[in-house]
Amino acid sequence: MSERTLVLVKPDGVERGLVGEVISRIERKGLKLVALEMRQVDQQLAEQHYAEHDGKPFFGSLLEFITSGPVVAAVVEGPKAVAAFRQIAGGTDPVEKAEAGSLRGDYGLEVQYNLVHGSDSPESAERELKLWFPDLQA
Ligand code: IDP
């Protein structure tokens, strides 16, 4: 029973040279990469990707951040891939929520600059994968 999730290395992670570290942890966990691409996010994709946060106080700066430099987008597959990558990533706030040993816990300090994105449910994953990789075969 395999599922897929969308993983992003956000602009801060790319800028800091952590792409290899993220991919390495995905692979060490036993998850499989089925697509991988470096991408400059435009305003439209940013708004669609983060639509659920529209109206929140940090929405504007979040869009500015995610469009500020290249991201690496990956489709990651495996049993419970959504939860498995959320575990690898750690909680949203790198200090208050992410545990040491997770990517955010080990490398992050600020809630906005938390290095990676991972879909938060199988339903979100389906929506996000269509948005980011519309041509990918199931
Ligand atoms: P998630 O990425 O752990 O699923 P979400 O709550 O969906 O967390 O938030 C999306 C992204 O918005 C976070 O990863 C982070 O970059 C940013 N963010 C969340 N909360 C805040 C905040 O309070 N201030 C600034 N940025 C935030």
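Grid points are joined across faces, edges and corners, and the volume is the space filled by probe spheres set on the points.

A note on the source: this is a predicted model, where local features need pLDDT of at least 70 and side-chain atom pairs count only at pLDDT 80 or more, while totals for chains, interfaces and linings use all residues. Residues are numbered from 1 along each chain as its sequence is written, and side-chain values use heavy atoms, with hydrogens and water left out.

**Cavity.** I read a volume of about 40 Å³ for the largest cavity. Which residues line the largest cavity? I listed Val7, Val9, Val22, Ile23, Ile26, Leu33, Leu36, Val72, Ala73 and Ala74. By class that lining is 10 nonpolar, no polar and no charged. (Ala, Val, Leu, Ile, Met, Phe, Trp, Tyr, Cys and Pro count as nonpolar, Asp, Glu, Lys and Arg as charged, and the others, Gly among them, as polar.) At least two lining residues come from each of strand 1 (3-9), helix 2 (19-29), strand 2 (32-39) and strand 3 (71-78); helices (H or I, at least four residues) and strands (E, at least two) are DSSP runs, numbered from the N terminus.

Next I turned to the largest pocket, with a volume of about 400 Å³; a pocket is an open set with protein on both sides within 12 Å along at least five of seven lines. Of its 18 lining residues, Lys10, Tyr50, His53, Thr92 and Asn114 are the closest to its centre. I counted the lining by class as 4 nonpolar, 8 polar and 6 charged.

**Ligand.** Where does the ligand sit? I found it in the largest pocket, meaning that more than half of its atoms lie within 2 Å of the grid points. Among the residues around the ligand are Phe58, Leu62, Arg104 and Val111, with a heavy atom within 4 Å as the cut-off. I also noted polar contacts (N or O pairs within 3.5 Å): ligand oxygen atoms lie 2.8 Å from side-chain N or O atoms of Lys10 and of Asn114, and Arg86 has a polar side-chain atom 2.8 Å from a ligand oxygen.

Key
Polar contact = N/O pair within 3.5 Å; in protein donor to acceptor, adjacent residues only side chain to side chain. 1 Å grid on protein atoms, 1.4 Å probe; cavity = no way out; pocket = protein on both sides within 12 Å on 5 of 7 lines; lining within 4 Å.
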